[in-house]
Amino acid sequence: MKTINAPRSASHGAPRSARQSTRAMRRALGRGGRALGRGGRAAGTAFAFAVLACVSARPALAADADAATIQRGAYLAAVGDCAACHTAPHGKPFAGGLPMNTPLGRIYTTNITPNPDTGIGGYTQADFARALREGVAKDGHNLYPAMPYPSYAKVRDEDIAALYAYFMHGVQPVNQANRESDIKWPMNMRWPLKIWNAVFLDKAAYRDKPGKDAAWNRGAYLVQGLGHCGSCHTPRGIAFNEKALDESGDAWLTGALLDGWYASNLTGEHNTGLGRWSEADLAQFLKTGANSHASAFGSMTDVINKSTQTMNDADVNAIAAYLKSLPAAGGDGRPAYAYDGEATKVSLSRPANDAGARVYTAYCMHCHGADGRGFAPMFAPLAGNPNVLENDASSLINVTLNGTGDLVIQGIPAPYPMPSYSGVLSDQQIADVLTFIRAGWNNKAGAVSVAQVAKMRSQTQAAR
Ligand code: HEC
Ligand code: HEC
Ligand code: HEC
């Protein structure tokens with residue numbers, strides 16, 4: 001069986017499902033709003049009864065689980081992108097069932113709606129906090145770290161309380177049993193995770209760093225904690241552990257390959273990282289999925305669709321301020337990129353001389369431009385694009401073979417997403433065109449081989 005082109009789910013795949021999940025999220029939030037007891041709008045006694053029945057079947061409303069807290073919990077659930085994993089492409093919000101590939105085999109996300117039998121309706125706030133921060137379910141079994149609890153460990157008590165209020169009172173309970181993992185005995189034994197946790201888990205919630213301002217600390221808290229950016233962007237060690245969980249570690253956010261997508265370097269590195277981006281560029285990317293340097297694709301599309309675009313300006317700016325404070329790391333010492341269109345113009349004017357240039361002029365140039373500068377933010381530039389300069393070409397091969405699911409910003413899908421070329425171009429042609437792009441416009445990144453393309457083709461499928 002082929003693994004899905006996007007790491008966590010097929011949900012980044014088909015554009016239809018991206019739209020559907022956004023709708024599902026909105027539905028979930030809408031329901032939250034109603035369960036808050038804005039009774040005025042909820043006309044009809046039947047509905048009132050349904051809500052009452054719902055609420056009484058759940059743990060008693062804590063004194064602080066008021067409407068505002070539930071709403072804040074809904075906001076935080078989007079920041080934490082719980083829906084990315086706990087809502088399956090055609091499934092009910094938060095009812096689980098999404099397959100996830102781990103090094104040991106395939107596992108399925110679980111039902112975190114407040115259904116008492118199949119969901120987390122029986123969880124106390126302390127049980128919920130333990131699941132999020134320590135990776136232990138109510139019945140005591142350890143969760144696989146595919147649930148990003150090593151990041152969520154940093155979430156503070158007041159935010160855990162708001163999330164709990166939302167999941168108990170703002171999410172519709174769904175009766176849907178969890179699915180066993182495909183991991184076979186003995187690898188499915190969960191007790192070794194206790195040892196893993198003892199070695200790799202830091203249970204301390206985030207503490208403000210003295211000497212840093214409030215925005216920096218807010219940004220650090222969100223990136224390291226609920227945002228779990230490092231779970232994709234930080235390289236992993238042999239035990240699937242993130243090599244660093246904050247800026248004190250050298251490997252922190254220096255980029256990593258996960259399920260066919262290379263999550264970019266987010267440090268100040270000048271070629272492959274964010275060194276040439278301003279804070280405003282970064283904020284624009286997180287809000288809209290594109291800026292003059294690059295645009296979101298692969299697994300980042302889902303993060304933008306469901307999570308970062310929903311954040312308020314203060315939080316997005318705080319994340320930008322924190323990321324821009326990270327010194328360059330993970331680079332390979334190449335000099336900083338400088339645009340040069342001349343050499344590439346020559347080969348594009350005589351494309352017969354270069355197999356890659358021939359493919360580029362026929363298939364890519366009308367969107368990405370003869371000058372490689374694209375038409376940002378609609379069509380990503382390829383000249384100087386950090387993803388193009390990256391040593392690991394996986395993302396480039398994957399996006400060219402499979403295209404990308406729609407970016408959906410404020411409900412509107414991107415009009416001209418990157419098409420899929422798996423049915424159009426051979427492995428040789430894709431290797432040629434990517435080698436051309438990586439050498440063009442002074443990009444100076446290494447060649448892509450036919451074998452690399454063939455391997456990616458065998459492991460992935462088109463997003464559309
Ligand atoms: C990257 C994917 C991912 C994200 C994001 C994620 N989870 Fe999970 N979560 C999982 C997986 C996978 C499991 C089940 C792990 C297992 O079976 O060992 C799980 C399990 C849980 C459990 C334990 C319940 C049970 O019965 O297994 C809770 C509670 C939970 N998640 C809550 C959340 C909340 C709240 C958020 C958002 C703040 C969230 N999760 C975000 C993947 C994710
Ligand atoms: C599910 C995995 C995943 C998570 C979680 C994730 N990212 Fe990404 N991110 C990626 C991938 C893959 C790319 C490369 C593709 C692209 O540029 O869109 C990327 C690219 C980016 C880029 C563009 C960098 C460039 O050079 O083009 C930024 C900025 C970014 N991510 C920020 C974040 C932040 C901030 C968070 C946490 C709030 C985050 N990401 C969480 C997978 C992820
Ligand atoms: C219909 C217009 C269109 C055509 C044709 C097209 N692309 Fe794209 N491409 C895009 C868009 C739009 C993006 C940005 C990703 C997104 O938002 O879907 C993109 C993104 C990319 C990226 C990732 C860079 C980034 O940061 O987003 C690469 C690499 C790429 N294209 C290569 C190619 C190659 C190689 C070809 C020809 C074989 C090609 N594209 C043809 C529209 C196009």
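Biologist: Which helices and strands each supply at least two residues of the shell around ligand 2?

Modeller: They are α10 (230–233), β4, α11 (279–288), α12 (299–306) and α16. Helices are DSSP runs of H or I with at least four residues, strands are runs of E with at least two, and both are numbered from the N terminus. This is a predicted model: local features need pLDDT of at least 70, side-chain atom pairs count only at pLDDT 80 or more, and totals for chains, interfaces and linings use all residues. Residues are numbered from 1 along each chain as its sequence is written, while chains are lettered from A and ligands numbered from 1 in the order in which they are written.

Biologist: Why is ligand 2 said to lie between domain 2 and domain 3?

Modeller: Domain 2 (214–324) and domain 3 (342–459) both give residues to its shell, so ligand 2 lies between them. The domain bounds come from an automatic or database domain assignment.

Biologist: What makes helix α17 (residues 394–402) largely enclosed by the rest of the structure?

Modeller: A residue is buried if 20 or more other C-beta atoms, placed from the backbone, lie within 10 Å of its own. In α17, 9 of the 9 residues are buried, so the helix is largely enclosed. Among them are S394, I397 and N402.

Biologist: Which elements do the buried residues of α17 pack against?

Modeller: They pack against β3 (256–258), β4 (261–263), α16 (386–389), α18 (427–439) and α19 (450–459). Just after α17, G403 takes a positive phi of about 65°.

Terms used. Buried ≥ 20, exposed ≤ 12 C-beta atoms within 10 Å, placed from the backbone. Contact = placed C-beta atoms within 7 Å.
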